[in-house]
Amino acid sequence: MTTMRHALRAVAGLGLALMLAIGVPLAAQAATYPPATTGTFSVTAHAGSNRITVNGLGPHAAATAIISGSGPAPTLGAFDAAVRSATVNLAVGQTDADGSVAFTLVFPDDAVGVYNASVSTPDGHSVSGVITVPSKSGSALAWTGTNIAMWVVWLAGILVALGIAALVIAAVRRRSRN
């Protein structure tokens, strides 16, 4: 009786494993995955109105753009809403017969940095790119670091090593007392 029970469990487990081995790959193949990016672009913009043209999209389709960056988000056209998030979704218009779309982005006066953009159409075409807004002083990005003299780095390393050595000595002395 117990042998029969073990055999039934083994067959059930084998059947479940077989269903998973066949069913999971079939389910993965049934999903429709978007095609890879069909193009790229790179634009240098400035605070204010910027006309941007993107090629490589599907013809006669509604194009949308997702723009993200560390600075204030741009707005579409002359509509200057107070959008101050890191990511903005925009409906940029209808593509031409050749799959290109032109739209105007308005960056606020304090927009500086690199913005990642992805423009796509419902038929699966997608073009990704970079929009760089340089600072008014002329450099592309704000200074985010500092210059430290090498002797300061060495001194910090030596102090960290001395601190670790002091902790090890204290732990050894505490264990030897107990």
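**View 1. Threonine 53 pairs with alanine 102 of strand E6 as its bridge partner.** This is a predicted model, in which local features need pLDDT of at least 70, side-chain atom pairs count only at pLDDT 80 or more, and totals for chains, interfaces and linings use all residues. Residues are numbered from 1 along each chain as its sequence is written, and side-chain values use heavy atoms, without hydrogens or water. Strands are DSSP runs (E, at least two residues) and helices likewise (H or I, at least four), numbered from the N terminus. E2 and E6 run antiparallel, joined by seven bridges; strands pair if DSSP finds at least two bridges between them. Six of the seven residues of E6 (101-107) are buried, so this strand is largely enclosed by the rest of the structure. Buried means under 20% relative accessible area, exposed over 50%, partly exposed in between (1.4 Å probe, protein chains only).

**View 2. Histidine 60 sits in the loop between strands E2 (48-54) and E3 (62-69).** Its phi is positive, about 50 degrees, although histidine 60 is not a glycine. Histidine 60 is exposed, at 56% relative accessible area.

**View 3. A nonpolar surface patch includes Ile148, Trp151, Ile158 and Leu162.** The whole patch has about 1,100 Å² of accessible area (Shrake-Rupley, 1.4 Å probe). Patch residues have over 30% relative accessible area and no salt bridge; nonpolar side chains are joined within 5 Å, like charges within 9 Å. A salt bridge puts a Lys or Arg side-chain nitrogen within 4 Å of an Asp or Glu carboxyl oxygen. Isoleucine 158 lies in helix H2 (150-177). Its relative accessibility is 47%, partly exposed.

**View 4. Arg173, Arg174, Arg175 and Arg177 form a positive surface patch.** Arginine 177 belongs to helix H2. Arginine 177 is exposed, at 66% relative accessibility.

Key:
Lys and Arg count as positive and Asp and Glu as negative; His and the chain ends are not counted. The place of a charge is taken as NZ of Lys, CZ of Arg, CG of Asp or CD of Glu.
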